[in-house]
Amino acid sequence: MSNEDKDINLSFEFFPPKTEQGQEKLKAVRTQLNKLNPDFFSVTYGAGGSTRDNTKGVIKAMREEGLPAAPHLSFGGDHEETMYEMVDGYKSIGVDRIVALRGDMPSGMGAAMQMVYANELVAFIREKFGNHFHLSVAAYPEIHPEARSYREDVRYLKGKFDAGANSAITQYFYNPDAYFYFLEECGKEGIDAPIIPGIMPITNYQNLARFSDACGAEIPRWIRKRLDDFSGNNESLTSFATDLVTELCETLLENGAPGLHFYTMNQIEPTRSIVLNLGLSE
Ligand code: FAD
């Protein structure tokens with residue numbers, strides 16, 4: 001059964017490569033992943049706008065290839081005029097979806113930069129461009145690391161929907177209960193828009209563990225321990241991790257998740273295998 005039959009929203013995320021070699025590789029990756037018939041591809045935006053031109057470049061290249069491409073965007077240190085021009089530029093090349101974020105402070109900036117919350121970016125795009133764009137925002141089933149409380153974080157998510165967001169994509173997680181509990185709490189706050197789980201396939205455990213600590217995503221102890229068992233045996237680790245993430249996705253879809261958003265890390269595998277294992281594509 002394809003994802004169209006099941007009406008499951010499928011999307012793949014890339015980061016903008018810095019080198020020409022990386023650009024070429026990404027082109028091959030998206031050509032392969034496009035065969036899985038995703039609803040869209042998204043491209044991240046470096047903290048504080050640090051990858052502005054690279055992100056724009058990848059989005060432009062994908063539009064020229066006829067692919068549905070959604071840039072991630074945050075104000076960073078930009079003024080409204082720059083932001084308007086950027087969004088208008090995207091509109092002019094046929095982009096109709098944006099992932100609207102506050103973003104993180106670029107490292108080394110201290111507290112020098114005034115961060116613009118994502119709800120303000122959503123409101124800005126709605127005010128200037130009406131309903132042209134589908135706006136996705138970020139959500140955190142295990143709660144944003146800076147949030148003062150669970151309830152407050154859910155309320156701020158509600159604020160992003162009140163400002164005009166259409167859907168949310170979550171930070172990755174490996175405990176499905178955290179996602180379903182979060183959905184319940186969002187429902188109590190009056191959020192009824194789709195909240196798509198973000199899925200991080202596991203390839204490099206050391207990097208993932210370091211990154212997870214920083215972004216507030218939890219790798220359950222039993223998974224850490226199992227992954228430790230495979231240290232030095234990449235093939236077994238990949239096989240175990242692919243099955244593990246496939247099972248996570250199955251649980252999510254069986255219990256009503258409206259789609260899956262894969263953090264591909266610019267790799268075809270294991271995202272492709274997981275999507276095929278799930279029967280979302282042929
Ligand atoms: P916000 O929703 O603005 O929230 C930030 C924090 O402030 C939260 O703790 C929240 O509780 C609080 N808050 C929210 N609104 C208000 C308000 N109005 N007043 C006071 N407090 C408030 N980062 C990048 O740099 N580039 C990317 O491309 C990128 N893509 C991402 C994609 C996804 C799907 C996800 C889940 C995250 C992504 N991130 C990216 C990381 C994200 O930028 C960071 O987690 C960032 O710290 C928060 O961004 P946000 O849009 O969730 O912020």
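Predicted model: local features only at pLDDT ≥ 70, side-chain atom pairs only at ≥ 80, totals over all residues.
Residues are numbered from 1 along each chain as its sequence is written, and side-chain values use heavy atoms, with hydrogens and water left out.

Helices (DSSP runs of H or I, at least four residues) and strands (runs of E, at least two) are numbered from the N terminus, and two strands are said to pair if DSSP finds at least two bridges between them. On this basis, strand 8 (residues 259-263) pairs in the parallel sense with strand 1 (residues 9-14) over 5 bridges, and glutamate 13 stands opposite tyrosine 263 of strand 8. Strand 8 also pairs with strand 7 (residues 195-199), again in the parallel sense, over 2 bridges, with isoleucine 199 as the bridge partner of phenylalanine 262. Strand 7 in turn pairs in the parallel sense with strand 6 (residues 167-172) over 3 bridges, where isoleucine 169 has isoleucine 196 of strand 7 as its bridge partner.

Burial was assigned from relative accessible area, with buried meaning under 20%, exposed over 50% and partly exposed in between (1.4 Å probe, protein chains only). By this criterion strand 8 is mostly covered, 5 of its 5 residues being buried. In a regular strand the side chains alternate between the two faces of the sheet.

The structure holds 15 salt bridges, a salt bridge being a side-chain nitrogen of Lys or Arg within 4 Å of a carboxyl oxygen of Asp or Glu. One of these joins the side chains of arginine 52 and aspartate 78 at 2.7 Å, N to O. This pair links distant parts of the chain, as arginine 52 belongs to helix 3 (residues 52-64) and aspartate 78 to the loop between strand 3 (69-73) and helix 4 (80-92), 26 residues apart. Arginine 52 is partly exposed, with a relative accessible area of 24%, whereas aspartate 78 is buried at 16%. Another salt bridge joins arginine 148 and glutamate 152 at 3.0 Å, N to O; here arginine 148 is exposed at 69% relative accessibility, and glutamate 152 is partly exposed at 22%.

The side chains of lysine 188 and glutamate 185 likewise meet in a salt bridge, at 2.8 Å, N to O. Because these two residues are 3 residues apart in helix 7 (residues 176-188), they are separated by about one helical turn. Lysine 188 is exposed, with a relative accessible area of 60%, while glutamate 185 is buried, with a relative accessible area of 4%. Both residues belong to a network of salt bridges that links Arg151, Arg155, Glu185, Lys188 and Glu189.

Several backbone features were also noted in loops. A cis peptide bond, with omega of about 5°, joins glutamate 269 and proline 270, and proline 270 lies in the loop between strand 8 and helix 11 (271-277). Asparagine 37, a residue other than glycine, has a positive phi near 65°; asparagine 37 is placed in the loop between helix 2 (20-34) and strand 2 (40-43) and is partly exposed, with a relative accessible area of 34%. Isoleucine 143 has a positive phi near 75° and lies in the loop between strand 5 (134-139) and helix 6 (150-162), where isoleucine 143 is buried at a relative accessible area of 15%.

Glutamate 254 is found in helix 10 (residues 234-254) and counts as exposed at 65% relative accessibility.
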